[in-house]
Amino acid sequence: MEPPENFDFPFQPYPIQHDFMRCLYDVIENKKLGIFESPTGTGKSLSIICGAIRWLKDHNAHEREFFRTKIEDLEAEKTKISSKSTDWLSTQSQEIEITRQVNELKIQQNKIMAYDKKIENLKKKKHEIQKKKFTKSEMVVEKEKNDEDEDIVLDINIENEEEEQDEEEDKYKSTKIFICSRTHSQLSQFVGEILKSPFGKDVRVASLASRQNYCINPSVSKLKNNSLINETCLDKQKKTNKSKTDSDGRAVKKQKGAGSKCPYYKQTTIEDLKDLTLTEVQDVEDLVKNGRQLNACPYYSSRLAAEDAEVILVPYNTILHKATREANGIDLKDNVIIIDEAHNLLEAMAQMHNSELSYSQIVQGLLQVKCYKQRFNTRFSAPNLLSINQLIFVITKLQQLLDESSETNTNTFTVENFVLTAKIDNYNMFKLVRFCKDSRIAQKVRSYALKYPFDQSIVETPVKKGVKDFLASIGNKKEQTVQTEKPPIAFSLSNPLLAIISFLESLTYSYSDGRIFIHTNKDKSKTKLQFLLLNPSQNFQDIVKYARSVIVAGGTMKPNEEFKNRLFINSGASSDRIVEFSCDHIIPPENILPIIVTGGPNKDKLLFNYENRMSMGDSIKRVIQEACKTVPGGIVIFFPSYNYENWVWQQIKDFPFGRPIFREPQDSGSVDAVLKSYSDAILKSNNHSALLLSVVGGKLSEGLNFSDDLGRCVIVVGLPYANIMAPDLKEKMMYLDKLEGSGAGKKFYEALCMKAVNQSIGRAVRHKNDYATILLLDERYNRTLTKNALPDWIKRSLKTFTFQETFRNIEQFFRERKP
């Protein structure tokens, strides 16, 4: 299929939006891999939605038309052969072959027709489900029976979950578009764009999120901790598998739904909510609201809805983390993956596969497993007991390794060297990790830990050997009963075994792709093991291999080579399959004034490196003072770190700038309140101006919109370089130098810094008629390499000025734009 000349759009698209959609359509149709750069404010999200959904609608129509015309052509050919041929044997042979082909095509066609009929029936059910929302069914809260030890004891062969897969093979699987972004708020914005688009009432959308976002059971959602919510949810829907007997010893037939303790986990209401999700576009908040009205679990409804959805919105890790992807039942084969806000994709992938394991988690996890084994020792099967003993041995070796040194130090190991040093090289980590996951031992041990108080003595008491020890134990019996009992050890609500299993899983990665750091300290609370994944592209291989097309998109994707080489080519893609698209900003060059400020108010150079930055307080104060005099509306200042922002705040907090000052909070829960206060100070107060202190890479540097008066000036103080002496960064740079050649590590280090700067710059100038000035405070921005790393729409208008020249130009810039 060729890209259409015109795309359905809520308004006349800009030329760059039209080009974006045409290229996107072509990339998906030809099964390519795309790197798309579209500056913030150019309507990237809407272009993605309209381009991708248009392709999907055309693809579905083309697929149905293909089967219809192919069957008609074959049947016409069959008629032609039988009427013209004189060779009976040849005719019969050809007719049999054509009949076989027609039958195969009809089987596929019938599956599609059955699927289409199912979707049509969904639309008819919508009114019926809406009525149920307002006639709330009585919620029956099933009394929780006392937990039995059978629920805690390992038994990984209870049921075979593969029986239902045969049925799934016979169903038609529609092509889906997975749209991924970093946060749920960014995904909610996509829902808004879908509703604005011409497809808002003619597309099936499902939003996948965690139980933490979706749970409406107050007794579970109040737990706050994500892993606890997951475990408690699974516990509350647990069904008793062992048969019950009555007083005469006869088996009692289980009632339907018995053991399903969560009142929202009911198949009928979950199905209703699923159907409603597929008939009207909803974001996470909408689904939660409807779930409460229908007494249905939004989490399981959304997962069911994903099976028949056309567009599925998911957070990064749901697609990129293989275990999470499989747990959500996501099938990549022949589907389209679009990853938005992908500028930090490689770092995000590495981060989600990195792991840390503290000394206290090792000690606590080891004690819990030992106590668990001690209690149920005689009830485990031989294979399970063997696996538990292996797990205990491995955890013990990790503890012994950390006990070897009490000096403050960091040692680096390859995975292979670490396994040998810890003396656990004789064990099959793949098998052990698989056992832990299949048996859900972490959840069972935690259930046991909460149910029974631990007594450390049961794992410390030596085993009695021989007659002598036996007689001694009898002799000491009375004495032992008089001794003061130790209080049971208290355990935190966190699950240390989950962290241990996550770390053991890290040991299954390719030996060359990871490094392990042993951080030792006199204070054992600071002693830990840390795994760093150096080559995250290995985890992207399945996505590149099985997906029809993969598109990574962002406002600033430079350097593109990072995505081309480290993401796609390292994942097994050929270079001819990769397509790059970049467009200019819709904002006229004269509407933006980006300035590199190299000198301070006293003609001193502005250099915010590690050595100088604490002596730059007066220069920053003067820059802010002049900006407040010349810039109307809002000024947003980005600092390289929270520590430096706090230091600057101490220097300027008592200075009268003539406008209120707001600071980025370090806790996510306060961000909305600070933003509202900042916005109100500009839009609703008499002063119509405010100052906001933020941090590069912080909560306000990505995904937020400081358009119009909310962001008339963005100031970036210094260059936010990471600590080059950090062990993990040093290893990453050395790895890249070795893999890609000398200098690759340095390029990575520079790119890491500039990607963060570019994201901060992109917070201002959000639409065609917007205007703003951007100040880059540091003479190092004037280096050729650093300037080249800035976005093209910044470079075309970039100026380099001293302090006095800067504010003369800013004053003129805003004077020309006075209403």
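Let's begin with α26 (617–630) and helix α33 (residues 803–815), which pack with their axes 10 Å apart at an angle of about 20 degrees. The axes are lines fitted to C-alpha atoms over the stretch in contact, and angles run from 0 to 180 degrees between N-to-C directions. The two helices, α26 and α33, are therefore roughly parallel to each other; angles under 35 degrees get that label. α26 passes α33 in a right-handed crossing, where right-handed means the near helix is turned clockwise from the far one by less than a right angle.

Who touches whom? On the α26 side there are Arg622, Val623, Glu626, Ala627 and Thr630, and they meet Phe803, Phe807, Ile810, Glu811 and Phe814 of α33. Contact here means heavy atoms within 4.5 Å. Sorted by class, the residues of the α26–α33 contact come out as 6 nonpolar, 1 polar and 3 charged. For that count, Ala, Val, Leu, Ile, Met, Phe, Trp, Tyr, Cys and Pro are nonpolar, Asp, Glu, Lys and Arg are charged, and the others, Gly among them, are polar.

A word on provenance: this is a predicted model, where local features need pLDDT of at least 70, side-chain atom pairs count only at pLDDT 80 or more, and totals for chains, interfaces and linings use all residues. Residues are numbered from 1 along each chain as its sequence is written, and side-chain values use heavy atoms, with hydrogens and water left out.

Next up is helix α9 (residues 267–279) with helix α10 (residues 284–294): their axes are 10 Å apart and the packing angle is about 145 degrees. The crossing of α9 and α10 is right-handed. From α9, the contact uses Thr269, Asp272, Leu273, Leu276 and Thr277, and from α10 it uses Leu287, Asn290, Gly291 and Leu294. The α9–α10 contact has 4 nonpolar, 4 polar and 1 charged residues.

Now for the backbone. Most residues other than glycine have a negative phi, and most peptide bonds are trans. The bond from lysine 558 to proline 559 is cis, with omega near -5 degrees, and proline 559 lies in the loop between β12 (549–554) and α25 (560–568).

| Residue | Phi | Loop |
|---|---|---|
| Lysine 603 | about 60 degrees | between β14 (592–597) and α26 (617–630) |

Lysine 603 counts as exposed at 77% relative accessibility, while aspartate 708 is partly exposed at 31%. Buried is under 20% relative accessible area, exposed is over 50% and partly exposed is in between, using a 1.4 Å probe and protein chains only.

Glutamate 590 sits in the loop between β13 (578–582) and β14 and is partly exposed, with a relative accessible area of 49%. Beyond its neighbours within four places in sequence, glutamate 590 contacts Phe813 and Arg817. Its C-alpha atom is 9.9 Å from that of alanine 772, 182 residues apart along the chain.

Zooming out, the protein chain has 33 helices and 20 strands, taken as DSSP runs numbered from the N terminus (helices H or I, at least four residues; strands E, at least two). Buried residues make up 50% of its 819 residues. Of the contacts with a separation of 6 or more, 81% come from residues 24 or more positions apart.

How values were computed:
Parallel < 35°, antiparallel > 145°, perpendicular 65-115°, else oblique.
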